[in-house]
Amino acid sequence: MNLRVATISDINDLTKISIESFDPYNFVMGQLGEDYVREVFFPALLRDSNSYVVISESDGQVQAYAAGSLSYKNFSRTLRHGNLPRTAWYLLAGFLMRRVTFGDIYDVLRFDSNVVKTFSHLPSFGPYAVSPTIKGTPLAGIIARKTCIHVLDWMAAKGAVKCWATVDSRNTASQGLVELLGFKKSQELVLSRRVEYLYWDEF
């Protein structure tokens, strides 16, 4: 297993793992669609100077990735800058293909107002994913943990004293991973179509 910093040339691999690994109900990775993830989300994440994306690979094959940001607020600004027309297009496509509903949009706006505006100035952890080719195996757990720890160590080295992450209540695997990494659940945000758990970790 080799850990390295992700680059623009890795976007296709990052997108593929994300689309195949995340549940369909994940708003960014599932409902907005593969093109949004490839053309908007990952370019913004890799371009953001306050964010860090690490890849785990073996024999040239990407097995997992993990990301973190020292300022979610700055990343959100990078994501929005110049991308509003394309984001609106992908939202419209999601509506037409019945992947996105008005309830989903309401939940995103409510999530932003309740969590992101409160904690967006603090470091955030995620997203992270493991390739379906090894998902569910003991090796996947080892790789995911090492990849995520590398990102958390980067945050600590940059002076962060704590960070936050959110996990959908239905995603028990991610809940187990963040708790294994030392995160503690602090609250639940009940939305119209889902429940999000807010986790904190201190370095």
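Colleague: Which residue just after α8 takes a positive phi?

Modeller: That's Gly 182, at about 110°. Helices (H or I, at least four residues) and strands (E, at least two) are DSSP runs, numbered from the N terminus. Bear in mind that this is a predicted model: local features need pLDDT of at least 70, side-chain atom pairs count only at pLDDT 80 or more, and totals for chains, interfaces and linings use all residues. Residues are numbered from 1 along each chain as its sequence is written, and side-chain values use heavy atoms, with hydrogens and water left out.

Colleague: How do I read the burial in α8, and which residues are buried?

Modeller: Buried means under 20% relative accessible area, exposed over 50%, and partly exposed in between (1.4 Å probe, protein chains only). In α8, residues 172–180, the buried ones are Ser 174, Gln 175, Leu 177 and Val 178. They fall within an arc of 165° seen down the axis, so they line one face of the helix; the arc is that of the directions from the helix axis to the C-beta atoms. Thr 172, Ala 173 and Leu 180 are exposed on the face turned away from the buried side.

Colleague: What covers those buried residues?

Modeller: Think contacts, meaning heavy atoms within 4.5 Å. The cover includes β4 (124–130), α7 (138–157), β5 (162–168) and β7 (195–202).
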